[in-house]
Structure formats: structure tokens, C-alpha cells
Amino acid sequence: MARRRPPQQIPVAPMIQALTVLFLCQLVGEIAVRLMGIAFPGPVLGMALLVAILAVRPQAQPAIEGAADGILRNLSLLFVPAAVGVVQQAGLIRANWIAISLALVVSTLLTLVVTVATFRAVVRLQQRARR
């Protein structure tokens, strides 16, 4: 089993700079997607920008990694607003529980079917490439 490195303790100023870079990448991704009018997640484009920045400036990786680890360690806090929203909308959820349940079951089954089809297609492509 691979051992995970302990998170680096970095000074506050580099942490703020790293968080600024992370959030600016996300913001630039969001703005670019909206300006181009494409149906693509802005944060994903921002993440691609971050990868490009780290490719050009690899010395920034330790600070970015430290900030990202800090965010991930506290990720559970980000679920609190969602849980509060569910509690606040309990009446609406209770009134529409059949439709919600049906949507969850159908979307889960559809996801499984698409995953299997994708897996089978990739296996076929790999077998053709080996021949």
C-alpha cells in the first residue's frame, strides 16, 4: 500500500497566493465559457488553465498543493449548505418524492447502461489496436 505524504505546512502568505491562483483559474474558466457561449463547465476549463500554469511554472506546485490539501481536508464543510437546503425544502421534496425517486432510479440505470456501453466500446477499440 502506498504511503501518503503528510501535508506540507506552508506559510500564510503563500497559502493566500495559492488560493488566489486557484480561484482566479476558476473565474477565468467561468468567464471564458460564458463569453464563448459554450455548454462546458467553467471550473473544468479553469483546471486546464491551472495545469498549463503548473507546466510553465512547476515551482508553484508546492504552494498550490498545500492550498488544495487544505481545501480537501475541509471538504465536508461544503456539504452543510446543501443539507440545509434539503431541510428547508422538505415540504417540496415530500410533495414530489415519487418524481424525484423515479428520476434518481432512471438516471442511475441510464448511467449504468452508458458506462457498460462505453467500456465495451473501449475494449473493442483496444482489441482492434492490438491486431
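This is a short chat about a predicted model of one protein chain.

User: Hi! What should I know about the model before I start?

Analyst: The model is predicted, so local features need pLDDT of at least 70 and side-chain atom pairs count only at pLDDT 80 or more, while totals for chains, interfaces and linings use all residues. Residues are numbered from 1 along each chain as its sequence is written, and side-chain values use heavy atoms, with hydrogens and water left out.

User: Thanks. How many helices and strands are there?

Analyst: The chain has six helices and zero strands. Helices (H or I, at least four residues) and strands (E, at least two) are DSSP runs, numbered from the N terminus. Along the sequence, the pattern reads α-α-α-α-α-α.

User: And what is the radius of gyration of the chain?

Analyst: The chain has 21 Å, whereas a compact globule of 131 residues would have a radius of gyration near 14 Å. That radius is taken over C-alpha atoms, and the globule rule is 2.2 Å times the number of residues to the power 0.38. The C-alpha trace spans about 60 × 50 × 45 Å along its principal axes.

User: What share of the residues count as buried?

Analyst: Of the 131 residues, 10% count as buried. Buried means under 20% relative accessible area, exposed means over 50%, and partly exposed is in between (1.4 Å probe, protein chains only).

User: Which residues make up the largest nonpolar core?

Analyst: Six residues form the largest nonpolar core: Ala18, Leu22, Cys25, Leu50, Ile64 and Ala67. Helices α1 and α3 each supply at least two residues of this core, and the largest share, three residues, comes from α1. A nonpolar core here is a set of buried Ala, Val, Leu, Ile, Met, Phe, Trp, Tyr and Cys residues joined through side-chain atoms within 4.5 Å.

User: Let's pick on Cys25. Where does cysteine 25 sit, and why does it count as buried?

Analyst: Cysteine 25 is in helix α1. It counts as buried because its relative accessible area is 4%. Leaving aside neighbours within four places in sequence, cysteine 25 is in contact (heavy atoms within 4.5 Å) with Gly46, Leu49, Leu50 and Ile53.

User: What does leucine 50 touch in turn?

Analyst: Leucine 50 touches Val21, Leu22, Cys25 and Ile64, not counting residues up to four places away in sequence.

User: Is Val21 buried, partly exposed or exposed, and why?

Analyst: Valine 21 counts as partly exposed because its relative accessibility is 29%. Valine 21 lies in helix α1 and touches Leu50 and Ile64, again not counting residues up to four places away in sequence. Valine 21 and isoleucine 64 are 43 residues apart in sequence and 8.0 Å apart in space, C-alpha to C-alpha.

User: What about contacts across the whole chain, how much comes from residues 24 or more positions apart?

Analyst: Such pairs account for 54% of the contacts in the chain with a separation of 6 or more.

User: Changing topic: which residues line the largest pocket?

Analyst: The largest pocket is lined by Leu22, Phe23, Cys25, Gln26, Pro43, Gly46, Met47, Leu50 and Ile71. About 210 Å³ of space lies in this pocket. On a 1 Å grid over the protein atoms alone, a pocket is an open set of points where a 1.4 Å probe fits, with protein on both sides within 12 Å along at least five of seven lines, and lining residues have an atom within 4 Å of a point. Grid points are joined across faces, edges and corners, and a volume is the space filled by probe spheres set on the points.

User: Which helices supply that lining, and what classes of residue are in it?

Analyst: Helices α1 (12–36) and α2 (42–56) each supply at least two residues. The lining divides into seven nonpolar, two polar and no charged residues. Ala, Val, Leu, Ile, Met, Phe, Trp, Tyr, Cys and Pro count as nonpolar, Asp, Glu, Lys and Arg as charged, and the others, Gly among them, as polar.

User: How much space lies in the second largest pocket?

Analyst: About 170 Å³. The residues that line the second largest pocket include Pro14, Ala18, Val21, Arg57 and Ile64. Helix α1 gives the largest share of this lining, four residues. By class, the lining has seven nonpolar, two polar and one charged residues.

User: Last one: is leucine 77 buried or exposed, and why?

Analyst: Leucine 77 counts as exposed because its relative accessibility is 56%. Leucine 77 lies in the loop between α3 and α4 (80–88).
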